[in-house]
Amino acid sequence: MKNKVIASFDDAVADIPDGASIMVGGFGPPGLPQNLLAALIRQGAKDLTIITNRGDQTNAKANTGHLVELRRVKKVCCAFSASPHPSQRNLFEELNESGELEAELMPQGTLVERMRAAAAGIGAFYTRASVGTELAADKETRVIDGKEYVLEYPLHADYAFIRAHTSDTWGNLQYELTQRNFNPIMAMAAKCTLVEIEGDIVELGGMDPNQVHTPGIFVDRVVKIPPPPEGLWTFPSDRRA
């Protein structure tokens with residue numbers, strides 16, 4: 001094990017190449033790695049595959065939607081591709097419908113389970129989610145105990161961008177609020193996990209081992225979010241807002 005703290009977000013993303021696949025956490029602002037995404041936007045990598053819950057994230061100063069707008073994304077794997085209301089169409093939808101950007105859609109539970117399968121070394125699994133829908137088109141199916149199931153495969157990534165509240169220097173993580181939705185499983189499913197920390201980075205031994213949510217074995221790079229304006233963490237004092 002080693003000290004995994006990186007001096008800056010730009011340093012953390014400097015070696016990400018064109019064509020990389022990147023998992024991006026989220027489920028609301030508390031879990032969205034805005035600072036890592038902002039650094040990736042500055043870095044310039046293109047032809048990216050983004051794996052995230054919602055492909056048109058626009059509720060933050062730096063998000064996957066900005067990468068789409070810059071034409072730096074070739075494919076998005078997600079559970080939601082459309083805006084909440086038909087009157088609020090976005091560029092992600094337009095590029096997908098025109099064929100300029102590929103979107104692989106799947107139920108939200110299937111998205112998580114495919115990432116978990118990648119983390120656990122599971123070769124494939126059957127699920128009833130998406131049976132009888134367009135999302136099951138051209139996929140292998142099987143009848144088990146009288147019910148039809150769809151075969152799904154693991155979803156791997158080169159990198160994971162996640163956000164946590166606290167870390168130690170070895171990358172053991174603690175989450176708060178909705179940070180515990182996608183971030184923990186993404187950390188396990190990617191080859192290289194980058195984490196932005198909104199709270200403290202403590203020395204080894206400074207964290208209760210019973211309160212570690214993601215072990216440092218799954219973490220490669222940790223960066224502390226600086227205060228505004230350099231950092232993009234601009235939530236109000238009550239982060240539940």
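# A friendly tour of a predicted protein model

The protein chain's secondary structure comes to six helices and 13 strands; here helices (H or I, at least four residues) and strands (E, at least two) are DSSP runs, numbered from the N terminus. This is a predicted model, in which local features need pLDDT of at least 70 and side-chain atom pairs count only at pLDDT 80 or more, while totals for chains, interfaces and linings use all residues. Residues are numbered from 1 along each chain as its sequence is written, and side-chain values use heavy atoms, with hydrogens and water left out.

Q: What percentage of the residues of the protein chain count as buried?
A: Let's begin with the word itself: buried means under 20% relative accessible area, exposed means over 50%, and partly exposed lies in between (1.4 Å probe, protein chains only). The protein chain has 241 residues, and the share of them that counts as buried is 48%.

Q: Among contacts between residues at least 6 apart in sequence, what percentage join residues at least 24 apart?
A: A contact means heavy atoms within 4.5 Å. Among contacts in the protein chain between residues at least 6 apart in sequence, the share joining residues at least 24 apart is 77%.

Q: Which residue of β3 is the bridge partner of I51?
A: Two strands pair if DSSP finds at least two bridges between them. Strand β1 (residues 21–24) runs parallel to β2, joined by three bridges, and M23 has I51 as its bridge partner in β2. On to strand β3 (residues 73–78), which pairs with β2 in the parallel sense over four bridges. There, the bridge partner of I51 is C77.

Q: Which residues of β2 point the other way from L48 and I50?
A: Strand β2 covers residues 48–51, and its four residues are all buried. L48 and I50 point one way, and the residues pointing the other way are T49 and I51.

Q: How many disulfides does the structure hold?
A: A disulfide is a pair of cysteine sulfur atoms within 2.5 Å. The sulfur of C77 has its closest cysteine sulfur in C78, 7.6 Å away, so the two are too far apart for a bond. Both cysteines are buried, C77 with a relative accessible area of 3% and C78 at 0% relative accessibility. The number of disulfides in the structure is zero.

Q: Which handedness does the β-α-β unit of β1, α2 and β2 have?
A: Picture the strands pointing away from you: a crossover is right-handed if the path from the first strand over the helix to the second runs clockwise. In this unit, helix α2 (residues 34–43) comes with strands β1 and β2, and the unit is right-handed.

Q: Is L40 buried or exposed?
A: L40 sits in helix α2. Not counting residues up to four places away in sequence, L40 touches V13, I16, I22, A45, L48, L67, R72 and F161. Its relative accessibility is 0%, so L40 counts as buried.

Q: Within what arc do the buried residues of α5 fall, seen down its axis?
A: The buried residues of helix α5 are T110, L111, R114, M115, A117 and A118. The arc is that of the directions from the helix axis to the C-beta atoms. The buried residues line one face of the helix, because they fall within an arc of 155 degrees.

Q: How far apart are the end C-alpha atoms of α5?
A: The expected span of a helix is 1.5 Å times one less than its number of residues. Helix α5 (residues 108–120) has 13 residues and should span 18 Å; in agreement, its end C-alpha atoms are apart by 18 Å.
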